[in-house]
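Work through these exercises with the structure open beside you. Try each task before reading its solution.

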Amino acid sequence: MRFQQIDQFSAELKADTRAAVYDGSKKGHEKRTKLLYDEFPDPDRLRHIAGEVKQHVVENLDTYLPQVEAKLKANGVIVHWAATAEAANEAVLGIMRARGATKMVKAKTMVSEETELAHFLEKHGMEALETDLGEFIVQIDHDHPSHIVKPIIHKNRREIATSFEKNGLGAYNDDPQTITRRARNFLRHKYLEADVGLTGANFVSAESGRIVLVTNEGNSRFCLAATKCHIAMIGIEKIVPRDYDLGLFLNLLARSGTAQDLTVYTEFISGPKSPAQPDGPEEMHVIFVDNGRTEVLASECRDILRCIRCGACLNVCPVYRQASGHAYRSVYPGPVGAVLSPLLMKEKFPQKADLPKASSLCGACNEVCPVNIPIPDLLLRLRNRAKEENVPSPGTPPMGAWALLASQPTAWRASLFGGKVMNYLPTKLLPIPALRAWEAKRALPAWRGGEFRAWMKNRPKQS
Amino acid sequence: MDEKPAQAILTMPSSADREAIFSRVRGALAPLHERAPMPDYTTELAVLRQMMGNRDAFTIFSERLVRVNGIALTEIAALVARLREGKWLQGYCDPVLWPMLAPHFGADFTVETTYDRKRVDDYAFGITRAAGAIAETGTIILSDATTSRRLGALTPWVHVAVVERAKIYSDLPQAVAALGSDSNVIWVTGPSKTADVEGILIEGVHGPGVQIALVV
Amino acid sequence: MLNTERKPITGKRVQLMATCLCDAFYDDVAAATVQILEYLGVEVVFPEGQTCCGQPAFNGGDWVASRKVVRHTVKTFAGDEPVVVPSGSCAAMMFHGAVLEFEKENDLGEVEALGRRTWELGDFIFNGLGVKTWPGRFEATVALHRACHTRGTKSSPAATALLSSIEGVKIVEFGEGEQCCGFGGTFSVTFPNISAGMGALKLEHIRAVKPDVLVSGDMSCMMHLGGMAQQEGKPIKTMHVAQVLRDALKNAGLIKP
Ligand code: SF4
């Protein structure tokens, strides 16, 4: 019997990987909830407003994009536009070549994961080093991040210690403190040797052109203190209308993502460094990346573009906790990924049309999302799209015959009584795969079709 | 890819992609009968008013800084004692601050007022001026205008930010309103940290492992 | 997005949507629903033509098939009395899911109208009829599982308030109450491993607080959890909220046995 790929992946997942993902997600979720509900009288109100602000941005990108471009230029930033992943990577390479640069230090940016920038640059003879501790470990391990905020949630310290040893970063030692110190000592010299610092952006204010970057480790600050050229790769949906809105969004992002009141480093960048400041980029580029976003915008799932990549929906998701991020075969796993990843595939949508099915539609993601994205509705829309495009879906029972039955009361009643046969036949023999899949894990209750209808007609009157 | 001459890239970045994106955005939005309006709201909703009560900004700031494992001090002597206790005897100091601080530092300290990036590992501490602070979150505000060296405030194990008591903003929205025209403002809330390895909190990843605010 | 605004209740006649699960397996849940409504003086009409709310196909992505069933349901439940459903999931299908899949259909208005008069049972009793406490007696430690489709609705608080007002009922909280039991309709058969993994966790949390009975407003969750527990050879007693309310009345002699 064939099941869905993600289910298969989950079944084969190593027990300690599942435990690591489960524990990490659960802890993150519980801390977040406690913080929000302890501190605010009505945290839901904040989520709803933030959602409205971002939906407004998404539906008015035609106004905001030119506005933000003009502000950035006025701030002395060179603005590039990249329709595709390839164009974005080429733009970075072009900037590096023009400067005679060969070494890049990279802060964590999901959009550069989308474009596989580091690979691309390495293929073209450039060094592109990840500096976020988790991303650095993923890079030296030739692995992939499995969470958008906690990239190595799937790894334990022993695996990390082993790969540090393999990569010449000291003899095996799995103490997290030692691991972190070794990375610190190795990376600080790399920053200072680098020519270019690459970051993403958490928000861009259309009003001021200010780019806001948050990190806990301070790696993006290091990129912007040590190098002379800053390149920011930014998805076109990252805009907030005003600086004023940052007072709301920064509060929500830190609490939702990492259960903090505020992320340790929150940097507001409105151009190259000030002339009197000795450290930092003299040149600054912003590359606005589309890479499928305009198709999402054109779809009925455009609400997903509100996402501020906090990861709260991953942490709370029971399917993510069981399956881990790699099960989603995408840069964006979990509930947000189940919507976004198939859409970003554009015409190759069918390849990831199974992702939206990996959900019990429990709605926990919607309940925690700081921008209140109705993720279950979007998953449903994509399931409908998959059906309309005739994408095969292993294990899903066909609904046509059922619909016929359920719209014909006489036939329905007949089958209610007829279903009794199930009580006498071992269901293993029945030619209904869904039934067998059910019974593999659970007992089926006795069939009592028609009993209620009979009772209703003959019931004893109370008065 | 084709080799593009440097100048071409700097002056005319990808105008075809720009047009393509803009026209796709317009096309995607054209069928919408109405656009979602901007909500009218106040960021006051996100302020931790209850936690702050009527207390003064400095009290809240020190309390919140401790919550994120930072240290708030008000006496230069206390700072010197801390540094000595941690055996952090060599460091960098903003030349503007040094005349005020120097008399309190003993001969056991080596303090430089120029920062040499080739000797990044030599500085155990860095002392720089802050542009202000945020009480609500225990945050120190650094800006290009007030911070003598971005690296000086970042690479040493200990960072000491000298904060003027009058420049402590009460909350995030106030601090956002005060961002001003500096091309780089950074809010620092406690020591640099990570929980990437098994969710265990480790401080001092790339930036300081010890964050001190000296409020004057 | 959740369309939870309801037409105010006038009159005391309702249509019962029994749900296909009760029709096929859980007749006593539907009967209990009728009994408690009648106890409250509500006249219950059962439209014989009813089948299913259309949710299986809706969740499966086959909206063409689902709309066919929803159209049938709209026809079957004609009129303007409240429609009461002993299931948060089927109720949500009527006021939310169906509306979503009819967005571009000409008969959206009729679907919305049905949605506006459809009530989940607990919500109807507590908020619709304004019955805030429940008489009778039911001696049991109760673990109340919040069905996912009642997130963000008034159903869960209603069930909690009603049950805890019953003499003898002791509600025990259990770990990770916000998590799904793993049923999810066709999800339970297309993702059997994940579904069972979720169910096992839920059972672990529930067993840890040693309830006498596991109660929910949705039999689908109970069918999954109860079925798993039975398969494991460690059955747990499951009940619908309506059954607890009905038994409380019975135990106190407030209705005929
Ligand atoms: S969808 Fe919402 S919860 Fe999930 S990552 Fe995006 S903003 Fe966070």
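## Exercise 1: A helix on a sheet

Helix α5 (residues 85–98) of chain A lies across β1, β2 (103–106), β4, β7 and β10 (283–289) of chain A, and runs at about 170 degrees to β10(A). The model is predicted: local features need pLDDT of at least 70, side-chain atom pairs count only at pLDDT 80 or more, and totals for chains, interfaces and linings use all residues. Residues are numbered from 1 along each chain as its sequence is written, chains are lettered from A and ligands numbered from 1 in the order in which they are written, and side-chain values use heavy atoms, with hydrogens and water left out.

Task: find which strands of chain A helix α11 touches.

Solution: 
- Step 1. Helices (H or I, at least four residues) and strands (E, at least two) are DSSP runs, numbered from the N terminus. Contact means heavy atoms within 4.5 Å. Axes are lines fitted to C-alpha atoms, for helices over the stretch in contact, and angles run from 0 to 180 degrees between N-to-C directions.
- Step 2. Locate α11 of chain A at residues 219–226.
- Step 3. Read off its strands: β2, β4 and β7 of chain A. Its direction makes about 150 degrees with that of β4(A).

## Exercise 2: The sheet

Task: give the strand order in the open sheet of chain A, and say which strands stand at the edges.

Solution: 
- Step 1. Two strands pair if DSSP finds at least two bridges between them.
- Step 2. The order of the six strands is β1-β10-β7-β4-β2-β3 (chain A), with parallel pairing.
- Step 3. β1 (78–82) and β3 (127–130) of chain A are at the edges; each has a single partner strand, so one side of each lacks a neighbour in the sheet.
- Step 4. From one strand to the next, the twist averages 20 degrees.
- Step 5. Zoom in on one pair. β4 (residues 196–199) and β7 (residues 229–235) of chain A pair in the parallel sense over four bridges. Gly197(A) has His230(A) in β7(A) as its bridge partner.

## Exercise 3: Two helices in chain C

Task: are α5(C) and α6(C) roughly parallel or roughly antiparallel?

Solution: 
- Step 1. α5 (residues 88–101) and α6 (residues 108–116) of chain C pack at about 160 degrees, with axes 8 Å apart.
- Step 2. That makes α5(C) roughly antiparallel to α6(C) (angles under 35 degrees count as roughly parallel, over 145 as roughly antiparallel, 65 to 115 as roughly perpendicular and the rest as oblique).
- Step 3. Residues making the contact include Met94(C) and Phe95(C) of α5(C) and Leu108(C) of α6(C).
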